[in-house]
Amino acid sequence: MTESKAELRSVDAEAEFGLDVPEYFFYLLFQAVRRRDAAFERALTPLELTLGQWRAISTVRRFGVCSMSDLAAFTAVDRTTLTRSVDQLVRRDLMTRTTPATDRRQVHLSLTSQGQALYDQAVDQLLAFNRQALEGVDSLRQREISRGLATVIRNLAPDAQVAEALIRFEPTLMRG
């Protein structure tokens with residue numbers, strides 16, 4: 001037997017939205033991110049990049065040298081998938097992988113000049129997608145939403161230090 005709308009627990013009390021506001025917020029967030037990612041991945045196809053590879057390239061580009069642990073944390077991609085993506089990028093000479101002599105367990109990643117050139121091509125497309133996605137949302141509202149999402153991350157991250165590192169996109173904050 002299906003529940004009637006009145007019996008559903010996840011209903012917006014003000015009837016503005018089809019779901020209770022917290023559930024609706026995450027539903028819309030999911031829809032927005034998935035649709036943007038799918039459109040951006042299609043745009044990356046001519047560059048022979050997947051979205052996962054793009055995330056790896058852009059994160060390593062941001063940090064200069066990046067550990068696999070930091071890459072996993074900042075891309076929110078599981079290690080197995082991430083390793084495959086990095087392997088492909090290394091094979092294409094877009095990224096280098098080195099192991100410091102002081103700690104053979106660590107892996108450091110950096111972009112090659114070809115990786116940087118590919119980043120430069122792809123980032124223009126990303127910026128255009130972002131502008132298109134946010135058309136009609138003024139900059140003050142964008143900041144307000146961003147502050148709200150930062151609070152959500154603080155509420156969900158395993159600890160405050162990790163949360164701040166993710167929010168500021170700064171890996172050194174994770175290491176204290």
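Reply: Let's start with the surface: the chain exposes about 11,800 Å², and carbon and sulfur atoms supply 53% of that area (areas come from the Shrake-Rupley method with a 1.4 Å probe, and for residues only the protein chains shown count as cover). This is a predicted model, where local features need pLDDT of at least 70 and side-chain atom pairs count only at pLDDT 80 or more, while totals for chains, interfaces and linings use all residues. Residues are numbered from 1 along each chain as its sequence is written, and side-chain values use heavy atoms, with hydrogens and water left out.

Of the 176 residues in the chain, 29% are buried (under 20% relative accessible area; exposed is over 50%, partly exposed in between, with a 1.4 Å probe and protein chains only). The C-alpha trace spans about 65 × 40 × 40 Å along its principal axes. You will find 8 helices and 3 strands (DSSP runs numbered from the N terminus: H or I of at least four residues for helices, E of at least two for strands). Starting at the N terminus, their order is α-α-β-α-α-β-β-α-α-α-α.

Now to your strands. They form an open sheet of 3 strands in the order β1-β3-β2, with antiparallel pairing (two strands pair if DSSP finds at least two bridges between them). β1 and β2 stand at the edges with a single partner strand each, so one side of each has no neighbour in the sheet.

Take β1 (residues 66-67): 2 bridges join this strand to β3, and the two run antiparallel. Here Cys-66 stands opposite Leu-109 of β3. Strand β2 (residues 95-98) is joined to β3 by 4 bridges, again antiparallel. Thr-96 of this chain faces Ser-110 in β3, and Thr-98 has His-108 in β3 as its bridge partner.

In a regular strand the side chains alternate between the two faces of the sheet. Have a look at β3 (residues 108-111): Leu-109 and Leu-111 make up the covered face, whereas His-108 and Ser-110 are on the uncovered one.

Helix α2 (residues 51-63) lies across β1, β2 and β3, at about 95 degrees to β3 (axes are lines fitted to C-alpha atoms, for helices over the stretch in contact, and angles run from 0 to 180 degrees between N-to-C directions). Helix α4 (residues 79-91) also packs on the sheet, touching β2 and β3, with its direction at about 115 degrees to that of β2.

Conventions
Contact = heavy atoms within 4.5 Å.
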